[in-house]
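Q: I have a model open and want to read its features one at a time. Can we start with the aromatic rings?

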Amino acid sequence: MPKQRTSKSHLVSRRQFLRRSAAAAGILGLPAIIPSSALGLAGAAAPSNRVVLGVIGLGIQGKGNMRTFRGNPEVQVVAVCDVHETRRLEGKQSNDEYYDNKDCAAYRDFRELMARDDIDAVQITAPDHWHPLMALEAARRRKHMYCEKPMGWSFRAAQAVRKAVKDSGVIFQFGTQQRSGGNFRFACELVRNGKIGKLQTILVGVPGSWTCPKQPTEAVPKELDYDLWLGPAPEAPYCYQRCRPWTQKEGYSVWYSISDYCMGMIGNWGVHHLDIAQWGNGTDLSCPTEIEGSGTFPQDMLTDAATNWQVENRYANGVTLVHMDSGTAKKHPLQVGGYGQGVLFLGSEGWVHVDRSKIDANPASLLKATIGPDEIHLFESNNHHANFMDAVLGRTQPAAPIDVAVHSDAICHLQQIAIKLRRRLRWDPAQETFVNDDEANRLLDRPMRAPWTS
């Protein structure tokens, strides 16, 4: 990671840089616009000792993250953005009521929000297919970013984001918040310090993707900029289910299970537990060398993401990671506790299981073990959002930085390719390419709909 800078000099120098380079050519080739608010709104800037935040994407995760950041007295939310007019106006109203003013700006186009010189950091919580382009634009604009998982779209896009983040020197926090969970950290420390003996196998289970039948074409509602919602994804007829937000009645959005916008749960949920598996295995800056598996994909439906799968990932250190949907995970022959979800580390002398509700181990005495001063202590963060802001202010490092993000995300892409091709693939972690497999390598990237490019 680049050297951290103190908060005031860091934020001021970034703003000065932006003023000098506002007319500079971008690295993205994004469609050019002349934003109505390119110079910011009068009075919108927060006090100099606060991190000024813009929020992009106001679905359930976006609103939740925004409320968390807003509760930090060192943060000032000054702008929101969403292609749904209803959601962006609700976001503005929420912030205006919280701050007891009318200062929060509401944007339809994320580029207008990012063009503001006074914004120091952005929260990226748009649908997955938008994550890379928004992250690239944030890096170009020298905005620190809290980017929801997964990196989305393709592995090559994730690589581009990594380069842009490093070149710009901005702080990047991936939305794999389990990195800031005490049980997850403790489980990984038990494994990394040999408390279960030699690690042999890791079982990972996450919910499978859901299905939705094909829908009739509908008129695009006036409150939605559908073309901007699609962005780099292929042209597709509008229907409510294709891009509906999460609702209390209907639950998760269907787009999570449409491959043009999301890998499905193998990546959207899988990246959380795969990230912890990597951490416990000590391979969070690497990837498996062999990947092989199978999955079931819906046919002739609106959704096409795998509903169930089982993928074996073999690492150079001899460990095998088996990633499955939760139904398959419960039936795996090495399953010892009937766990359908979470991460199960199996060693030569015991095991430890962890998910968001609990931690378990055998022998049970492991749960009372103490990690000694001379043993491995993993990076400690107990609040993912606060950790990001502390990193922006130069106090610490992010718990889920860009290098970790790309490698955890990469496994999802490698597995997706393996189950589509239904054959064993060999991966070169150093070169970040499949070995002697042109067909598999072509699937590491995907074209974007004009005029969007990465």
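A: Start with the rule: rings of Phe, Tyr and Trp pair if their centres lie within 6.5 Å, with planes over 60 degrees apart counted as edge-to-face. Keep in mind that this is a predicted model.

Q: How many aromatic pairs does that rule give?
A: The count comes to 18 aromatic pairs.

Q: How is a single pair described?
A: By the distance of the ring centres and the angle of the planes. Take phenylalanine 110 and tryptophan 130: their centres are 5.3 Å apart and their planes make 65°, an edge-to-face pair.

Q: Which parts of the chain does this pair link?
A: Distant ones, 20 residues apart. Phenylalanine 110 sits in helix α4 (residues 110-114), and tryptophan 130 in the loop between β4 (121-124) and α5 (131-140).

Q: Are phenylalanine 110 and tryptophan 130 buried or exposed?
A: Buried means under 20% relative accessible area. Phenylalanine 110 has 2%, so it is buried. Tryptophan 130 has 3%, so it is buried too.

Q: Why is the pair of tryptophan 229 and tyrosine 261 called edge-to-face?
A: Because the planes stand at 70°, with the ring centres 4.9 Å apart. This pair also links distant parts of the chain, 32 residues apart. Tryptophan 229 belongs to helix α8 (residues 226-230), while tyrosine 261 lies in the loop between α9 (240-243) and α10 (265-268). Tryptophan 229 is buried at 3%, and tyrosine 261 is buried at 1%.

Q: Which residues form an aromatic cluster?
A: Trp210, Tyr252, Trp255 and Tyr256 form one.

Q: What about the nonpolar core?
A: In soluble globular proteins, nonpolar side chains tend to be buried together. Here the largest nonpolar core has 110 residues. Met145, Phe172 and Phe345 have the most contacts inside it. Helix α14 gives this core its largest share, eleven residues. A second, separate core has 19 residues, among them Leu58, Val80, Ile171 and Val392.

Q: How do I read a sheet?
A: Strands of a sheet pair through backbone hydrogen bonds, either parallel or antiparallel.

Q: Where does a parallel pairing occur?
A: Between β1 and β2 (residues 75-81), joined by six bridges. Leucine 53 has valine 77 as its bridge partner in β2.

Q: How many residues of β1 are buried?
A: Six of the six in β1 (residues 51-56). Both faces are covered: Val51, Leu53 and Val55 are buried on one side, Val52, Gly54 and Ile56 on the other.

Q: How many disulfides are found?
A: Zero, in a search of the whole structure. As for individual cysteines, cysteine 104 is buried at 4% relative accessibility, and cysteine 147 is buried at 0%.

Notes
Residues numbered from 1 in each chain as written. Predicted model: local features only at pLDDT ≥ 70, side-chain atom pairs only at ≥ 80, totals over all residues. Heavy atoms only, no water. Disulfide = S-S within 2.5 Å. Buried < 20%, exposed > 50% of the residue type's maximum accessible area, 1.4 Å probe, protein only. Core = buried A, V, L, I, M, F, W, Y, C linked by side-chain atoms within 4.5 Å. Helix = DSSP H or I, 4+ residues; strand = E, 2+ residues; numbered from the N terminus. Phe/Tyr/Trp six-rings, centres within 6.5 Å; stacked < 30°, edge-to-face > 60°. Pairing = 2+ DSSP bridges.
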